[in-house]
Amino acid sequence: MDSILRRGPAAAVLLSVQIILYFYCGLTGAKTVPALYVFGDSLVDSGNNNCLPLSILRADFVHNGIDYIGRKPTGRFSNGKNAADFVAEQLKLLPPPPYLSRRNGTFATGANFASGGSGILNTTNNAIVEQNIPMRRQLWYFSQVRAKRVQDLGSESAALEHFSQSILFFVVGSNDVLNFAGTNKSKSLRDLPADQYVALMGSTFKTMLKAAHTMGARKFVIAALPPIGCAPKQRSEIADGECNMKANSMCEKVNAEFSRILPELKSELVDFHYIFFDTYRVLMNLIQNPENYGFTETRSACCGLGKLRSDIPCIPVALFCSNRSNHVFWDIYHPTERVARFAIDALFSDSSEYVTPITISQLIEL
């Protein structure tokens, strides 16, 4: 409780709300989610890369965080909150803290292991100097949190109950696609055809999800790759400024691979429950029909310099827009806070339009 109070009155109020909801839900029979564990890349990193001394893939400087509490950068690649924050809000949980910021913490209501620049493959953005926390290590950190929860809860059975009712949220794969088109692939992957590369991503990710299941996780939310070819950096490389369809096509192939391996896991593992969240279609709908949702700028980044504000990323010398709520993209690759909220609202809308095979409320009730 002392640690909550030190985080300020807002955290204390949210804790009080969580306690009230706990008793209310107990009376009504509705299930609650005890914790949220986040894995992935910069779309959900809440500050882990701040703790990596050799990493240049960081967002702990202005103008990031200009719309966050206190108007300060936190390590989120956003003008404010990111998708992980909004998932936590929907689940009535505090935002899970970045694991590296408090390795010895209790993480009673979850942890965020996501790291900007990371991918499914170990070598993604780590070919020379380690710039991020690879997914394999994120899962190893999860195993450390699991061991601590067993100790804190007093038994293996209590920990199994905790993790079986918690939600694991995965947002990963975009950097693997960007790496495939780049020049910093490892030597072993350099000449791999696209279809084999996608298959490797799928098989590696499948092994990771199995590992999480072995540690007691039962409820998974897997986000599809977004249309990264429509990000300002990718558009700037196309003469007419349209979306880079080659990059988008690769994303669609990976999403198809995810759609293939998830039902396999469902049939192979006991009590493996999942949602595949089609963020690709959610964001393409927004990009193609911005006026329907109150957006006016779908091409240019809000923060940056040069063509589409994508030649130079969002660093302190960059310019940033005042009308951030009208922009789809905050910087060269990341969405604005408003778009992150838009996407997570779609996830929690209880509609099957963008989720398969069940809705989020059905997943929670299992």
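Helices (H or I, at least four residues) and strands (E, at least two) are DSSP runs, numbered from the N terminus. The model is a predicted one, in which local features need pLDDT of at least 70 and side-chain atom pairs count only at pLDDT 80 or more, while totals for chains, interfaces and linings use all residues. Residues are numbered from 1 along each chain as its sequence is written, and side-chain values use heavy atoms, with hydrogens and water left out.

**View A. Asp-350 and Lys-92 have a positive phi**. Most residues other than glycine have a negative phi. Asp-350, found in the loop between α11 (337-347) and β10, has a phi of about 70° although it is not a glycine. With a relative accessible area of 44%, Asp-350 is partly exposed, a term that covers values between buried (under 20% relative accessible area) and exposed (over 50%), computed with a 1.4 Å probe on protein chains only. Lys-92, which is not a glycine either, has a phi of about 60° and lies in the loop between α3 and β2 (110-112). Lys-92 counts as partly exposed because its relative accessibility is 42%.

**View B. Cis peptide bonds join Val-62 to His-63 and Thr-356 to Pro-357**. Most peptide bonds are trans. Omega is about 15° for the bond between Val-62 and His-63, and His-63 lies in the loop between β1 (36-40) and α3 (83-90). For the bond from Thr-356 to Pro-357, omega is near -5°, and Pro-357 is found in the loop between β10 (355-356) and α12 (360-365).

**View C. Helix α6 (residues 174-181) packs against α7, with axes that come within 11 Å and cross at roughly 155°**. Axes are lines fitted to C-alpha atoms, for helices over the stretch in contact, and angles run from 0 to 180 degrees between N-to-C directions. The angle makes α6 roughly antiparallel to α7, a description used for angles over 145 degrees. The contact, meaning heavy atoms within 4.5 Å, is made by Asp-176, Asn-179 and Phe-180 of α6 and by Ala-194, Tyr-197 and Met-201 of α7.

**View D. Helix α7 (residues 194-214) and helix α9 (residues 245-268) pack at an angle of about 35°**. The axes of these two helices are 9 Å apart. Among the residues that make the contact are Phe-205 and Leu-209 of α7, together with Phe-258 and Leu-262 of α9.

Terms used
Angles under 35 degrees count as roughly parallel, over 145 as roughly antiparallel, 65 to 115 as roughly perpendicular and the rest as oblique.
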